[in-house]
Amino acid sequence: MSWQVYVDDHICCQIQCRIAVIAGLDGGIWAKRENDPNAQITPSELKFIVDSMRTNPSVFEENGIHIGGEKYICLKAENTLLRGRKGSSALCVVATEKCLIAAGTIDGVPAGNLNIVVEKLGEYLRASGY
């Protein structure tokens, strides 16, 4: 199964996303979907997120979470989990041993639904060795 299937079928088919991405810990993008023409997920954003989550997650509490050209207010920052908000849209980021999963909703989608989808995918990938 390709990584794009995980983004399309395991994230975006369950939640209306503005952005969704699976990337390696080096920031290299394995699969993504950008449903907003202004959204541009970059490897440098992802690499910064990975590195900061591992070493100093509190940096997100101070500066916000920047992804897809947007800044999200950080609600939770841990070594393997970030949650953020921007207006009525939500962001969830999960780091596993080998990859990073991130998804941000369109306005109005409940954050709890997003968190369940992204965190369950993270648990599945961890159990599969990723």
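This is a predicted model: local features need pLDDT of at least 70, side-chain atom pairs count only at pLDDT 80 or more; totals for chains, interfaces and linings use all residues.
Residues are numbered from 1 along each chain as its sequence is written, and side-chain values use heavy atoms, with hydrogens and water left out.

Cysteines. I searched the whole structure for disulfides (pairs of cysteine sulfur atoms within 2.5 Å) and found zero. Cys17 is in no disulfide, and its nearest cysteine sulfur, that of Cys12, lies 4.3 Å away. For Cys13 the closest cysteine sulfur is also in Cys12, at 7.4 Å, which is too far for a bond; Cys13 is exposed, with a relative accessible area of 60%.

Helix 1. I then listed the buried residues of helix 1 (residues 3-12), which are Tyr6, Val7, Asp8, Ile11 and Cys12; helices here are DSSP runs of H or I with at least four residues, and strands are runs of E with at least two, numbered from the N terminus.

Strands. I turned to strand 4 (residues 70-77) and strand 5 (residues 81-86), which run antiparallel and are joined by four bridges, pairing being counted if DSSP finds at least two bridges. In this hairpin three residues lie between the strands, and Lys76 stands opposite Arg83. Strand 5 also pairs with strand 6 (residues 89-95) in the antiparallel sense over six bridges, with Lys86 opposite Ser89.

Key
Buried means under 20% relative accessible area, exposed over 50%, partly exposed in between (1.4 Å probe, protein chains only).
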